[in-house]
Structure formats: structure tokens, C-alpha cells
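Here are my notes on this one, jotted down while going through the model. Have a look at the structure first, then the points below.

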Amino acid sequence: MTSQEAAQATYTHPADASPARILVADDEPGIRAFIGRALAAAGYVTDFAATGSEALRRALNSHYDLIILDLVMPEMAGQVVLERLLAARPDQAVLVLSCLGDVASKVECLERGAQDYLTKPFSLAELLARVRVRVRLRGGSAENAHDRAAETVRAGSLTLDVGRLVADIGDGAVPLTRLEFLLLRELAEHVGQSVPKGQLLANVVDVCVRRLRSKLGFGLIKTVRGEGYQLVGH
């Protein structure tokens, strides 16, 4: 998101809490140092991991209020780290920070349990704002629910309630499915810009097919190169 887009789509949340402990998992030393200096200046305690396996080991052996996780990592992909970590600790807060900016990657990570997704290159101010939102989710389930309910995304007359998955354009809250919400949030993050319909549709279809395969078996739906998908008859 550019600085102009960040100004157009604003994020609101409750007042800041006390400093938290954060794990930054990224294989780029420059990115780790850049984020680390900013988090330290903001008063957070920060640890680092340079590989996916190191990130998983640290996350399982210590308590972190938030994990900032890259997806393209050596030894173990970030998606695998996310899946294994949340299988062991379902309540762990994870913010994915990745160069993969397609809707399919975002939907997949959010469906797997990541709380947020930010693409590279990123605005440091926006990252810190999202970190402040996430670290407030560390005080118990009732408090977590309250904090999630307070997080919103605004773009023009549209307000998105992240915790309740509802949208409001001034006429009252409208409930959305998770996929509807993610698509609308994607558009909100590019407010004023054209997002190709084919790109959004293709990415959502790909995600749905992957989910169907994981539930019903990978041999049920066949990929037809250059055309689409085919249900395999038995």
C-alpha cells in the first residue's frame, strides 16, 4: 500500500497497551534490522528468526504477543510455519509480511488463521499501526473479543468491522462471508484504483478449489491447463 492509499484507507483501534514481546521471522537481514529498530523505538521487546524452522522453534518454545512472519523463507515455508504453529497454539497472533501480494495468498493465510496480512514494500507507519492493534489481543479471550470488535478499516463512506466481518456504508451493518469480506478489504486497500475483475475472480476460485481438495481429496478436481478445472468422474 502506498502512502496515499494508507491515508485514504485508515485503521482505527483502542488505546495502546503496555509493551509486548514480538518475534520477527524474515530471511532478509536488512528487513529484520529495519523492523527491529522501529519496534525497539516503540518500546517492544523483539526477537528474530532467519529461517522458517528457527521461527517455528522459537515460537513454540517461548511466548510472543505477536509474530511477524515472512512467507518466502529457507528451510520451511512461512505457510507451513503458520499451519504447524497454529495447530499447536490456535490463539497465537500472527501478522504475515510478504512480497506475495496476490489475493489467493492473502486469503489462504487468513483462512489458515493469520490475523493480518501486509505486503512488501510496506509503510513502516502502517506496520506499526497494525502491530499496535495485534498486541492488544494478549489479555484473555473476553478482552480479545473486545479488541477485535474495535478494529475497523475505513475507505471513503465504507467501514469494515474486522472482528465481526461486517460492512457499513451508512445504512447499518451488513454481515459478510469471510471471502466477501476479504475481497472487499482488498478493494478498500486499493481505494480509487481499478482492481481487475479477472484477477480477483481467478484468485478466489483457486482458493476455493484448494479448500475443496483438502476436504474431499486431491483427486476429485483436475486442473485443465489454460482452461480451468474439471470434476473427475469415477
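1. A word on terms before the numbers: a cavity here is a set of grid points where a 1.4 Å probe fits but cannot get out, and its volume is the space filled by probe spheres set on those points. Keep in mind that this is a predicted model. With that said, the largest cavity holds about 120 Å³ of space, and the search of the whole structure turns up two cavities of 30 Å³ or more.

2. Who lines the largest cavity? The residues are Val 103, Lys 106, Val 107, Leu 110, Asp 116, Tyr 117, Leu 182, Arg 185, Glu 186 and Glu 189. Helix α5 has the largest share, with four residues.

3. By class, the lining of the largest cavity has five nonpolar residues, five charged ones and no polar ones.

4. On to the packing. The largest nonpolar core has 21 residues, and the members touching the most others are Ile 67, Leu 69, Leu 82, Val 94, Val 96 and Cys 109. At least two residues of this core come from each of β2 (21–25), α3 (52–61), β4 (66–69), α4 (78–88) and β5 (94–98). The largest share, four residues, is supplied by α4.

5. There is also a second, separate core of 19 residues, including Leu 66, Leu 97, Leu 127 and Leu 128.

6. Leaving out residues up to four places away in sequence, Val 96 touches Leu 69, Leu 71, Cys 109, Ala 114, Asp 116, Tyr 117 and Leu 118. Two of these names, Asp 116 and Tyr 117, also turn up in the lining of the largest cavity.

7. Cysteines next: is Cys 109 buried or exposed? Cys 109 has a relative accessible area of 2%, so it counts as buried.

8. Finally, the overall picture. The chain has nine helices and 12 strands, and 44% of its 234 residues count as buried. Among contacts between residues at least 6 apart in sequence, 56% join residues at least 24 apart.

Notes. Residues numbered from 1 in each chain as written. Predicted model: local features only at pLDDT ≥ 70, side-chain atom pairs only at ≥ 80, totals over all residues. Heavy atoms only, no water. Buried < 20%, exposed > 50% of the residue type's maximum accessible area, 1.4 Å probe, protein only. 1 Å grid on protein atoms, 1.4 Å probe; cavity = no way out; pocket = protein on both sides within 12 Å on 5 of 7 lines; lining within 4 Å. Nonpolar A, V, L, I, M, F, W, Y, C, P; charged D, E, K, R; others polar. Core = buried A, V, L, I, M, F, W, Y, C linked by side-chain atoms within 4.5 Å. Contact = heavy atoms within 4.5 Å.
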